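Here's a quick briefing to read with the model open on your screen.

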Amino acid sequence: MKRNNTFYAIFFLAPSMLGFLLFFFLPFAASIYYSLMDSPVNGNFVGLRNYMDLLKNSSFLLAGSNTLLFTLISVPLIMAISLVFAIVLNSAIYFKNTMRTLFVSPLVIPVASVVLVWQIVFSNTGVVNGFLDFCGFDTVDWMNTGWARAVVIIVYLWKNLGYDIILFLAGLQNIPKEYYESSQIDGASAFRRFTAITLVYLTPTSFFIFVISIINSFKVFRETYLIAGSYPHESIYMLQHYMNNMFSSLDYQKLTTAAFIMALLITLLVVLLFKIERGISRALE
């Protein structure tokens, strides 16, 4: 019986495993190979020279620093805002269902439509500049100044906030209400209940949201590319821009090297986060 179950498991997993092998693993292995060569055609093995050259490349360093800075700003910001809204929506307030719908709606809107709306809002003749001009202030070229990073962060928050709120709501609703009632009887303040009960029991949920938010922060390239193009303002020039431009110029060495470094850093970050989460879970137990 056990052998039959193993056979059926392998049989049903085979199509997915084959797809993963053909479209993910083999291309990734090929990219590692190309990153160690000086040319994709009849190239010579150069070891880590491509990696050393890339780490000295000013465009790559700019893209890497912008990506890191964007993640460091946007991920804690979206987690804090989504937690606040989740707590509010978890309480007894009017129009709760309507507010949930409004927060979730950006998730089902196509990216192209999202970009069209934000172009109208932040273009030189857009809604925001129209309001500033009406109030007597100078207009701002939002996507070609230092304000570009703030615009992309706002787009990221607007697009992903609803998803994080849903996850936090699920975590909040799994916390037994008896804990809050017992703490109130013991005279614990609202802040004490929040830190000792809410945050503690939201630890697994917060970890998952943290990882998902980091992944989503890399996906913001879609919106940035459609709003500002291949060569946006230097404050929002991300790693994905760099790799996309290297692909357009057929510079496979820089493309594959940058892709492997990015994949390696993300993998190390996720492994580190899993270790931290396991340590916190053991401490709570």
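At what angle do helix α8 and helix α9 pack, and how far apart are their axes? This is a predicted model, and in it α8 (residues 177–185) and α9 (residues 190–201) pack at an angle of about 165°, with 11 Å between their axes.

**Helix pairs**

- Let's finish with α8 and α9 before moving on: angles over 145 degrees count as roughly antiparallel, so α8 and α9 are roughly antiparallel to each other. Their crossing is right-handed.
- Next up is α7 (residues 148–173) with α3 (residues 58–90): their axes come within 7 Å and cross at roughly 45°. That makes α3 and α7 oblique to each other.
- As for handedness, α3 goes past α7 in a right-handed crossing. If you sort the residues of this contact by class, you get 22 nonpolar, 6 polar and 2 charged.
- Helix α7 also crosses α10, at roughly 165°, and here the axes come within 10 Å. So α7 and α10 are roughly antiparallel to each other.
- The crossing of α7 and α10 is right-handed.

**Cavities**

- How many cavities of 30 Å³ or more turn up when the whole structure is searched? The search finds 2.
- The largest cavity has a volume of about 50 Å³. To find it on screen, look for T67, F70, T71, S217, F218, V220, F221, M238 and Q240, which line it.
- Two elements, α3 and α10 (203–219), each give two or more residues to the lining of the largest cavity. Helix α3 provides the largest share, with 3 residues.
- For the second largest cavity, the elements that give two or more lining residues are α10 and α13 (252–284). The largest share, 4 residues, comes from α13.
- What classes of residue line the second largest cavity? There are 7 nonpolar residues, with no polar and no charged ones.
- Why look for cavities this way? Rolling a probe the size of a water molecule over the atoms shows where empty space is left.

**Exposed residues**

- L72 sits in helix α3. Is L72 buried or exposed? Its relative accessible area is 56%, and over 50% counts as exposed, so L72 is exposed.
- L72 and S217 are 145 residues apart in sequence, yet their C-alpha atoms are 9.7 Å apart in space. S217 is also one of the residues lining the largest cavity.
- L250 is in the loop between α12 (239–248) and α13. With a relative accessible area of 55%, L250 is exposed.
- The backbone of L250 is worth a look too: its phi is near 60°, a positive value in a residue other than glycine. For background, most residues other than glycine have a negative phi.

**Buried residues**

- Where is F103? You'll find F103 in helix α4 (residues 96–108). Its relative accessible area is 18%, and the cut-off for buried is under 20%, so F103 is buried.
- F103 and N244 are 141 residues apart in sequence, and their C-alpha atoms are 31 Å apart in space.
- H241 belongs to helix α12. With a relative accessible area of 1%, H241 is buried.
- Along the chain, H241 and R222 are 19 residues apart, and 9.7 Å separates their C-alpha atoms.

Technical notes:
Residues numbered from 1 in each chain as written. Predicted model: local features only at pLDDT ≥ 70, side-chain atom pairs only at ≥ 80, totals over all residues. Heavy atoms only, no water. Axes fitted to C-alpha atoms, helices over the stretch in contact; angles between N-to-C directions. Parallel < 35°, antiparallel > 145°, perpendicular 65-115°, else oblique. Left-handed = near helix turned anticlockwise from the far one by under 90°. Nonpolar A, V, L, I, M, F, W, Y, C, P; charged D, E, K, R; others polar. 1 Å grid on protein atoms, 1.4 Å probe; cavity = no way out; pocket = protein on both sides within 12 Å on 5 of 7 lines; lining within 4 Å. Points joined across faces, edges and corners; volume = space filled by probe spheres on them. Buried < 20%, exposed > 50% of the residue type's maximum accessible area, 1.4 Å probe, protein only.
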